Amino acid sequence: MTVQKLIDLIEAKDMTPEADKGTEVSCGYTCDLLSWVMAHGAAGMAWVTVQTHMNVIAVASLMEMAAVIIPEGIEMEAPSLEKAKEEGISVLQTPLTAYEICARLAKAGLPGKSREA
Amino acid sequence: MANLLEKSFPVEAGAYTTAGEASTTIKRTLKQLGINAEVLRHVSVACYEVELNLVIHSLGGTLTLLVDPEKVTLISKDVGPGIPDIDKAMTEGFSTASAEARTLGFGAGMGLPNMKRNATEFDIQSEVGVGTTITMSFALT
């Protein structure tokens, strides 16, 4: 699944049109504890989080994730969006809850992170 | 062995907004050197964790990157406050992070164990009132 397909699937607003939407998404994940995500994140991941500060982008970029998904219409702070554009990370904002986002991703066949990763 | 590269980055205590900048620069530098993706990922994770520890827990410090033909080495050296019980600090789930750090999603008590897991060799030396030095190396071959 590409980031563009992901956008359509979760009715998202693309907050970083500069980032490549043809990037392949490898798996889905949701967690708001950044240090947990650092330990369990994976490349190509679509990560759902309510956190919106700069460190979210740092984590996503270091883990080479495909996209950060912000649920429930939460606004990401402008400096974080700027950083995301610099790093080429897609930030997607959607009115859906984290639960609904994950349910749709799973239904579309996107796996969770492999347990070995 | 002669170092191909040596670079130091000052890390300020409590500078949450710029946390991760040193790690991002280090990752970019290593990528340019053509370090393999798997090693790069391990270095990036450990580097970000140690940089965050400097921001969250230390009174300020320096992150140094060394590259030689056999390994990448990261050295984090701070000026205090020092860790009273290293065994406890190394325990997964144990954290002394502030309420501010926790609000940002840090303080899961995963930092030090995560560094150890990602590094080929991990060493931590600490003295209360003096400071903490963490040395991690990542084999390239």
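Reply: Two strands pair if DSSP finds at least two bridges between them; helices (H or I, at least four residues) and strands (E, at least two) are DSSP runs, numbered from the N terminus. This is a predicted model, in which local features need pLDDT of at least 70, side-chain atom pairs count only at pLDDT 80 or more, and totals for chains, interfaces and linings use all residues. Residues are numbered from 1 along each chain as its sequence is written, and chains are lettered from A and ligands numbered from 1 in the order in which they are written.

Me: What is the order of the five strands in the open sheet of chain B?

Reply: The order is 1-2-3-5-4, with antiparallel pairing. Strand 1 (5-11) and strand 4 (121-127) of chain B are the edge strands, each pairing on one side only.

Me: Over how many bridges do strand 1 and strand 2 of chain B pair?

Reply: Strand 1 and strand 2 (residues 61-67) of chain B pair over seven bridges, in the antiparallel sense. Within strand 2 of chain B, Leu66(B) is the bridge partner of Glu6(B).

Me: How many residues of chain B are in contact with chain A?

Reply: Two residues are in contact if their C-beta atoms, placed from the backbone, lie within 7 Å. Here, 17 residues of chain B are in contact with 14 residues of chain A. Helix 2 of chain B supplies the largest share of the side of chain B that touches chain A, four residues.
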